[in-house]
Amino acid sequence: MADTGSTPPPAEGITLDAAALRVLAHPTRLALLNRLRRDGPATVRGLAAQFELDSGAASYHLRRLAAGGLIEEATELGDKRDRWWRAVHRASYHDPADRGGAEGRAYTQAVAVAAADSLRHAAAEAVPSMPEEWFAATAFSDYELRLTPDELASLKDELAAVVHRYQGREAAAGAASVTVQFQAFPRDVTGR
């Protein structure tokens with residue numbers, strides 16, 4: 001999970017500072033971090049192959065993530081041939097109200113691109129082959145609301161609180177990993 005708004009993060013999350021925002025403003029780094037969080041530790045070579053990068057580029061991006069305190073080398077898994085990396089936190093939190101600026105905007109743009117890629121993957125691969133009971137429980141919805149900035153902030157906080165309640169629960173039998181995306185932004189950027 002990349003970003004959940006301004007509700008206080010659970011213990012396993014990190015609130016992104018300016019340095020981490022700069023690191024994660026690159027879409028490849030955000031994708032690598034999300035992959036390590038979702039699927040666990042991986043080697044440079046494995047990640048390079050998965051993301052169609054050369055090993056040098058993958059290694060560079062992983063070192064930048066490590067310098068930002070977002071991942072660490074999993075030395076107990078490595079050997080002389082393979083370096084393994086793992087995520088340090090399960091979630092990142094960024095609230096533009098607390099930390100905006102150029103770094104916040106670049107990070108938010110990278111998150112939006114990653115969300116669009118995830119939705120494209122769902123449309124192309126997940127939806128067509130999804131079991132019926134899972135398909136019946138999915139949601140792909142857009143809502144058009146007319147809100148003030150304060151009302152949008154309140155909505156964001158309320159929805160994040162609901163997600164956090166589900167994050168803290170023990171997984172029930174039959175549970176699967178579920179992606180929950182939430183985007184809320186003004187459609188008319190001129191403010192009319």
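Glutamate 76 counts as exposed, with a relative accessibility of 52%, where exposed means over 50% relative accessible area, buried under 20% and partly exposed in between (1.4 Å probe, protein chains only). This is a predicted model, in which local features need pLDDT of at least 70 and side-chain atom pairs count only at pLDDT 80 or more, while totals for chains, interfaces and linings use all residues. Residues are numbered from 1 along each chain as its sequence is written, and side-chain values use heavy atoms, with hydrogens and water left out.

**Salt bridges**

- The side chain of glutamate 76 meets that of arginine 86 in a salt bridge at 2.5 Å, N to O, a salt bridge being a side-chain nitrogen of Lys or Arg within 4 Å of a carboxyl oxygen of Asp or Glu.
- Because glutamate 76 lies in the loop between β3 and β4 and arginine 86 in strand β4, this pair ties together parts that are 10 residues apart in sequence.
- Arginine 86 is partly exposed, at a relative accessible area of 22%.
- Glutamate 73 forms a salt bridge with arginine 83, with the closest N and O atoms 2.9 Å apart; glutamate 73 is in strand β3 and arginine 83 in the loop between β3 and β4.
- Aspartate 82 and arginine 45 also meet through their side chains in a salt bridge (2.5 Å, N to O), and this pair links distant parts of the chain, with aspartate 82 in the loop between β3 and β4 and arginine 45 in helix α3 (residues 44–50), 37 residues apart.
- A search of the whole structure finds six salt bridges.

**Helices and strands**

- The chain has seven helices and five strands, which are DSSP runs numbered from the N terminus (helices are H or I, at least four residues; strands are E, at least two).
- Three strands form an open antiparallel sheet in the order β2-β4-β3, in which β2 (42–43) and β3 (71–73) are the edge strands, each pairing on one side only.
- Strands β3 and β4 (residues 84–87) pair over three bridges, where pairing requires that DSSP finds at least two bridges between two strands.
- Glutamate 72 has arginine 86 in β4 as its bridge partner.

**Surface and burial**

- Buried residues make up 26% of the 192 residues in the chain.
- The accessible surface of the chain comes to about 12,800 Å², and 54% of this belongs to carbon and sulfur atoms; accessible areas come from the Shrake-Rupley method with a 1.4 Å probe, and for residues only the protein chains shown count as cover.
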